[in-house]
Each structure stands twice: as structure tokens, then as C-alpha cells.
Amino acid sequence: MKKITKKPMGKATNNSKNTKASKNTKLTKNSFGQKKNNKEINKSFKKDAKIEEKKKIAKIKKASKEAKKNSSNDNNKIATFNWYPGHMTKAKRQMQEDIKLIDLVIEIVDARVPLSSRNPDIDDLADKKARVVILNKSDLADDKITNLWITYFKSKGFYCVKMDSRKNNGFKALNEIIYEACEDKIQKDLAKGIKNRPIRAMVVGIPNVGKSTFVNAYSGKASAKTGNKPGVTKGKQWIKIKGNIELLDTPGILWPKFEDQTTGLRLAMIGSINDNILNKSDLALDVIKFLYKNYKDNLYARYEITTNEFAPSDNDLIDEQTQIALVIMDHIAAKRGCLKKGAQTDYDKVSGIILDDFRSAKLGCVTLERP
């Protein structure tokens, strides 16, 4: 009996110890496992955070790289950006409807850029209508080249006349040209017994070529709104002119996309594209390049440049023309007080001066393209 009693008690005792030990072992393992899991979770969070941080840094570096690339290629943007507001789309549709009502299309172009300031869409819109091209702002253009352009447009079958609308000259000659251009229409009316029917002409042109100024001067009153910003005229207007002529003024419209970089660049130079969407420093730099190559005497006289020796830049990525243009811009900035702290050139300020001088002919009468 004693043995029997001791044996189960011994077993019971052993079992109790084993159970406690087992419980303690399990608790220890669970506690360690939980701590291990917490560490792994924390490591995972930190790892994810580092990955996200690396991604952010990579995005910032990429954005910075793209910004530098875009900044160096701002002139290329001129060739590809779309600048076709809703009112221009509406104006084009309206012109397509109104073209049936008119006898003649008077197209205003800037004499400094006669081809670049022509909207190719107008040729389609004005198909089979008599055409007159007015080389406006001729006082700002190189007169010898303007005469070459008159010959060019006449060879294409257009009537052409140079004019400075702001000085109110050339309108007598224009009346004669309009009647000559519409001679067939006048004779057909007479054959039908119709006399003195007004000649109806549509005035077209891209923004800022002086279209509204032309209409006001031609009509002898402020019939159309004028301004020095593109797109001032936004509605259709019929205006009576002496000599039995009626004008249909239309908003200036640009075409949706410039296929040629040079076209967009030239339009930007004369101010037909809003400066707010352009890099003015790069634009002014291109003006200096063009003047240095084609009108160096004008450039030197205006900004009192007395040397042809320009220190080369250490930057091999910049071509010689650009290096020279930058040195000239720095010279102009110093002359005009366009400097920041440390005698650094204020390119925004000096660019504004250069563009204003160029557009107002203070740099002389300049034509940007030749026939």
C-alpha cells in the first residue's frame, strides 16, 4: 500500500512539476515570439518608410532633371505648345459661316514676319475669294525687304500693299486696290442691273498684327477695340467705310499648333504670343543672336558696344553664338543697371528691356524673314 500510495503521489508530483515547467516554457516562448514579431513589424515599417523616402527622392531628382531639361528647351516649346483658347475655336466657326456673305478677304500681316504672321487656315477659309494682303507695321520693318515681300505676294496672285495703320496712311491706295480686286464682281452686278451694292470685305489676321488699329484708322473712328495684348477683339462687327465699302471685323485667331519652331519663335519675338507663357530670357537671347548676325550695327549703336572681342565661356555645352549673346546681355544689364546683389545680371529685367526695344524699333527697322 505504501508503495502504491507513493507511486501515484510521485507521479502526481512529477506531473505537477512537468506541467508547471511546461506552462513556464510555453509562456517564455510566447513572450519571446511576441517580442520577436514586434521587432520584425518595426523593421518592416522602417524598411517600407525607407523605400518610400527613396521613391520621393527619386521623384524629386527626376522632376528637377525635367525642369532643367525643359528650361534649356523653352524655344522648342514654342514649336509644339497648343495655344488655342475656346473663343478662337468659336471665331473660326463663325468665319466659316460669314465667308459666304463677303466679296473680299483683307488679310493683315506683320511686315516684319509676313509668312510667320499668316494663318494657313485662312487660305482654306478664303478659297475663291478676292484677296488683299496688307503688310502692316511697315514702319518697323526693313523697307528693302518689305518691297521684296510685295513682289512675292503679287507672284502668288494676291494684291498687296504696305501700310502703317497707326499713322493713318495708305488708305487711298487701298481703296483703289479693293475696287480693282472686286472688278469682276462689280461688272456682274451691273450686268444684272444692280448698282452701288456695297463691297463687303472680311478683315482677318492673327493676334497683335494691328488689325483693330487698321479698322479704326480705315473707318475714321474707334469702331473696334484696340490693345497691346493678343486677342482683344472677341466679337463680330460690321463697319461702314467711305467709298461704299463695308468691313466685317473678326477676332484674331492663331492656328492650333506650330509645326515649325522658327515660326513660333518669330511670332514670340514680335509679341504675337503672350509673354506670360514664354521664357523671356531665352527669347531675348534669341533676339540678340538674330541682331548680332543680321543687324549688328543697330545692336552695337543702341547699347554702345565697342568691341568684337568676347571672352569664351568655360561651358562646352554652350555654342559660340549663345556665349556671345550672353556676354552682350551682361553688357546691356551693366549699362542699364539691371543687376542684383553681387553685381549679378538680372536676366528677367534686362530681357524685358531688350524685347521692348526690339518691338518698338528702338533697335532699328528689322525684318525677321525674307522671301
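The structure is a predicted model, in which local features need pLDDT of at least 70, side-chain atom pairs count only at pLDDT 80 or more, and totals for chains, interfaces and linings use all residues. Residues are numbered from 1 along each chain as its sequence is written, and side-chain values use heavy atoms, with hydrogens and water left out.

**The whole chain**

Begin with a cartoon view, where 13 helices and six strands can be found. Helices (H or I, at least four residues) and strands (E, at least two) are DSSP runs, numbered from the N terminus. Of the 371 residues, 41% are buried. Buried means under 20% relative accessible area, exposed over 50%, and partly exposed in between (1.4 Å probe, protein chains only). Contact means heavy atoms within 4.5 Å. Among contacts with a separation of 6 or more, 70% join residues 24 or more positions apart.

**Two crossing helices**

Next, select helix α6 (residues 171-181) together with helix α8 (residues 211-219); their axes come within 11 Å and cross at roughly 90°. Therefore α6 is roughly perpendicular to α8. Axes are lines fitted to C-alpha atoms, for helices over the stretch in contact, and angles run from 0 to 180 degrees between N-to-C directions. Angles under 35 degrees count as roughly parallel, over 145 as roughly antiparallel, 65 to 115 as roughly perpendicular and the rest as oblique.

Show the side chains: F171, L174, N175 and I178 in α6 meet F214, A217 and Y218 in α8. The residues of this contact divide into six nonpolar, one polar and no charged.

Centre the view on I106: beyond four places in sequence, its partners include V132, I134, I178, F214 and L247.

Move to R200 in strand β4. R200 is partly exposed, at 30% relative accessibility. Its contacts, leaving out residues up to four places away in sequence, are L101, I102, D103, L104, W238 and E246. R200 and L247 are 47 residues apart in sequence, yet 6.0 Å apart in space, C-alpha to C-alpha.

Now select K185 in helix α7. Is K185 buried or exposed? At 15% relative accessibility, K185 is buried.

**Two loop residues**

Most residues other than glycine have a negative phi. Finish with N196, which has a positive phi of about 60° although it is not a glycine. N196 lies in the loop between α7 (183-191) and β4 (199-204), and N196 is exposed, with a relative accessible area of 68%.

Then select A343, in the loop between α12 (320-336) and α13 (347-359). A343 also has a positive phi of about 60°, and A343 is exposed at 60% relative accessibility.

Methods
Nonpolar A, V, L, I, M, F, W, Y, C, P; charged D, E, K, R; others polar.
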